[in-house]
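Open the model in your viewer and keep the selection tool ready.

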Amino acid sequence: MKGPDAPVVVGVDGSSSALAAVKWAADECARHHVPLRLVHGYSLPVRGYPEIIMTGNEIRKAIEDQAHGWLAEAVAAARAAAPDVEATTEVLNDSGIHLLIEESRDARLVVLGSQGLGNVTGLLVGSTALALAAHGKCPTVVVRGTSVPDGPVVVGVDGSPTSEAALAFAFEAASMRGCSLTAIMCWQDFMVESAYSASRFTVDWSQVEGEEQRLLAQRLAGWQEKYPDVAVHRVVLRDRPVRALMRYGAEAQLVVVGSHGHGGFAGMLLGSTSQALVYNAPCPLAIVRPVE
């Protein structure tokens with residue numbers, strides 16, 4: 001069990017995108033009164049540096065010096081965003097994704113930028129975020145797009161265990177920010193029609209919508225009791241979840257989804273909705289896995 005002082009961890013690679021992630025994470029640390037941990041992982045190159053030019057130790061020192069410079073820049077960005085937040089740094093000889101999965105074991109959140117410097121550091125942000133969301137031990141946040149300061153937190157709901165974990169995260173996030181919550185549940189025509197086809201019933205779309213509205217209300221009831229300060233806007237749509245979350249996310253502070261939900265194949269570690277949003281979300285995205 002992670003303690004209340006578990007840090008927010010940010011992967012730093014020297015990119016402007018990583019600095020945006022650092023600033024977002026520093027604000028989050030200030031809200032929760034927790035420390036910020038900034039890490040950089042590297043792997044020594046196995047070719048391309050003949051020892052006649054640089055020895056192995058010289059290569060290591062050059063890489064570590066560069067990493068410490070990037071981390072110093074990140075600390076300055078964090079202090080500018082949230083002066084009272086305690087920030088620590090560490091440079092580790094470890095690959096990007098393995099490092100962040102290990103860091104997630106003791107973290108409140110792991111935060112990434114939406115773009116990185118690629119093979120220089122191993123932090124290929126898209127693939128790293130997907131792997132971390134699938135295998136990490138805490139929520140993953142990808143800082144991308146524009147966060148609307150007075151916008152709501154938007155959460156996707158589908159009734160799965162990961163959806164319940166996403167609701168827990170989203171309600172807390174809305175409460176800490178003093179903003180409203182928009183909870184979105186979607187259904188698609190082919191899913192409903194297949195359920196009726198065997199009996200040759202005609203689909204009554206108004207009845208389907210009413211059933212979805214009741215299901216959403218049931219999913220939210222306990223959380224609204226726990227967070228009475230959060231105003232909730234319920235949205236039920238006959239639409240694809242990705243399209244709905246993209247549309248509402250354009251006016252949001254944060255979009256929250258589960259790592260996978262109903263409609264995924266058995267054994268799938270990350271759902272298609274969360275995968276698509278990693279690359280296309282219009283605002284910061286949190287991907288939440290159930291607590292193990």
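A helix axis here is a line fitted to C-alpha atoms over the stretch in contact, and angles run from 0 to 180 degrees between N-to-C directions. Keep in mind that this is a predicted model.

**Stop 1: the helix pair**

Select residues 241-249, helix α8, and residues 272-280, helix α9. Their axes lie 9 Å apart, and the packing angle is about 40°. The crossing of α8 and α9 is right-handed.

Now show side chains. On the α8 side, pick Pro241, Val242, Leu245 and Met246. They meet Ser272, Thr273, Ala276, Leu277 and Asn280 of α9. Colour the contact residues by type: six are nonpolar, three polar and none charged.

**Stop 2: the aromatic rings**

How many aromatic pairs does a search of the whole structure find? Two.

Select Phe171 and Trp223 first. Their ring centres are 6.3 Å apart and their planes meet at 20°, so this pair counts as stacked; the cut-off for stacking is under 30 degrees. Phe171 sits in helix α5 (residues 161-177) and Trp223 in helix α7 (residues 205-226), so the pair links parts 52 residues apart in sequence.

Tyr227 belongs to the loop between α7 and β8 (232-238), while Phe171 is in α5, so the pair ties together parts 56 residues apart in sequence.

Buried or exposed? Phe171 and Trp223 are both buried, and Tyr227 is buried as well. End with Phe171, Trp223 and Tyr227 selected together: they form one aromatic cluster.

Terms used: Residues numbered from 1 in each chain as written. Predicted model: local features only at pLDDT ≥ 70, side-chain atom pairs only at ≥ 80, totals over all residues. Heavy atoms only, no water. Helix = DSSP H or I, 4+ residues; strand = E, 2+ residues; numbered from the N terminus. Left-handed = near helix turned anticlockwise from the far one by under 90°. Contact = heavy atoms within 4.5 Å. Nonpolar A, V, L, I, M, F, W, Y, C, P; charged D, E, K, R; others polar. Phe/Tyr/Trp six-rings, centres within 6.5 Å; stacked < 30°, edge-to-face > 60°. Buried < 20%, exposed > 50% of the residue type's maximum accessible area, 1.4 Å probe, protein only.
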